[in-house]
Amino acid sequence: MLGHITYLSDDAMGEKFGRKLKDKIKYSFDVEFEMESYLRYQGDKFAAEFDANTYLRMTRALDYYDPALEFGGDLSNALNNVKAEFLVVSFTSDWRFSPARSREIVKALLDNELTVSYAEVTAAHGHDAFLMPDVHYHNILRSYLSKIKV
């Protein structure tokens, strides 16, 4: 349930659920709000399909991953030997991988005179925005992928 909250934006959750109650207030620790019901459903569904220890390890790997660590915290230096072209896309409401972090990556790539395209997509769905039907985002991907020579 907690993981699910981190992937959605506050605006998306508020718009979808607000403070709607399932029924009348009972002042209990049972599920009383629509949002709680949704999160419990998603949490149960996720737990049934995905090993919790795997999720913990993946989350920890994301937390620990720092390509600049062995370069004194200098991301530009860490990307010095890269030989690729890049597309970096961020979503305005994604706090897990924020636009500010994406811009740091873009700067480090440009510091190394690498080819990079950057798009910041306005979206209300938080980290999950890349899973949503978004014509603008899909057009960005389609355009970039059409230029790749195989």
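User: Where in the chain is confidence lowest, and where is it highest?

Analyst: This is a predicted model. Confidence in the chain is lowest in helix 1, residues 2-7, with a mean pLDDT of 62. It is highest in helix 5, residues 75-78, where the mean is 98.

User: What is the mean pLDDT of the chain?

Analyst: The chain has a mean pLDDT of 86, and 91% of its residues reach 70 or more. Where pLDDT is low, the predicted coordinates should not be read in detail.

User: Turning to helix 5, is Ser76 buried or exposed?

Analyst: Ser76, which lies in helix 5, counts as buried because its relative accessibility is 16%, under the 20% cut-off.

User: Which side chain does the Ser76 side chain join in a polar contact?

Analyst: The side chains of Ser76 and Asp111 are joined by a polar contact of 2.5 Å. Setting aside residues up to four places away in sequence, Ser76 touches Ala108, Asp111 and Asn112.

User: Where is Asn112 placed, and what does its side chain reach?

Analyst: Asn112 sits in the loop between helix 6 (99-111) and strand 2 (116-121). Its side chain reaches the backbone oxygen of Ala108 at 2.9 Å. Beyond its neighbours within four places in sequence, Asn112 is in contact with Ser76, Leu79 and Asn80.

User: And Glu113, where is that, and what is its phi?

Analyst: Glu113 is also in the loop between helix 6 and strand 2. Its phi is positive, at about 55°, although Glu113 is not a glycine. Most residues other than glycine have a negative phi.

User: Is Glu113 buried or exposed?

Analyst: Glu113 counts as exposed, because its relative accessibility of 75% is over the 50% cut-off.

User: Changing topic: which residues make up the largest nonpolar core?

Analyst: That core has 10 residues in all: Ala68, Leu75, Ala78, Leu79, Val88, Val106, Ala108, Leu109, Leu114 and Val116. Helix 5 and helix 6 are the elements that give two or more residues to this core. The largest share, 3 residues, comes from helix 6.

User: What is Leu75 in contact with, leaving aside its sequence neighbours?

Analyst: Leaving aside neighbours within four places in sequence, Leu75 is in contact with Pro67, Ala68, Glu104, Ile105 and Ala108.

User: Which residues does Leu87 touch?

Analyst: Leu87 is found in strand 1, residues 86-91. Not counting residues up to four places away in sequence, Leu87 touches Ser117, Ile140, Leu141 and Tyr144. The C-alpha atoms of Leu87 and Ile140 are separated by 9.2 Å, and these two residues are 53 residues apart along the chain.

User: One more topic, the second largest pocket. What is its volume, and which residues lie nearest its centre?

Analyst: The second largest pocket has a volume of about 510 Å³. Its lining consists of 21 residues, of which Tyr65, Pro67, Phe97, Arg101 and Ile105 lie nearest the centre.

User: Which helix gives the most to that lining?

Analyst: Helix 6 gives the most to the lining of the second largest pocket, with 7 residues. Helix 4 (52-64) and helix 6 each supply at least two residues of that lining.

Technical notes. Residues numbered from 1 in each chain as written. Predicted model: local features only at pLDDT ≥ 70, side-chain atom pairs only at ≥ 80, totals over all residues. Heavy atoms only, no water. pLDDT = per-residue confidence, 0-100. Helix = DSSP H or I, 4+ residues; strand = E, 2+ residues; numbered from the N terminus. Polar contact = N/O pair within 3.5 Å; in protein donor to acceptor, adjacent residues only side chain to side chain. Contact = heavy atoms within 4.5 Å. Core = buried A, V, L, I, M, F, W, Y, C linked by side-chain atoms within 4.5 Å. Buried < 20%, exposed > 50% of the residue type's maximum accessible area, 1.4 Å probe, protein only. 1 Å grid on protein atoms, 1.4 Å probe; cavity = no way out; pocket = protein on both sides within 12 Å on 5 of 7 lines; lining within 4 Å. Points joined across faces, edges and corners; volume = space filled by probe spheres on them.
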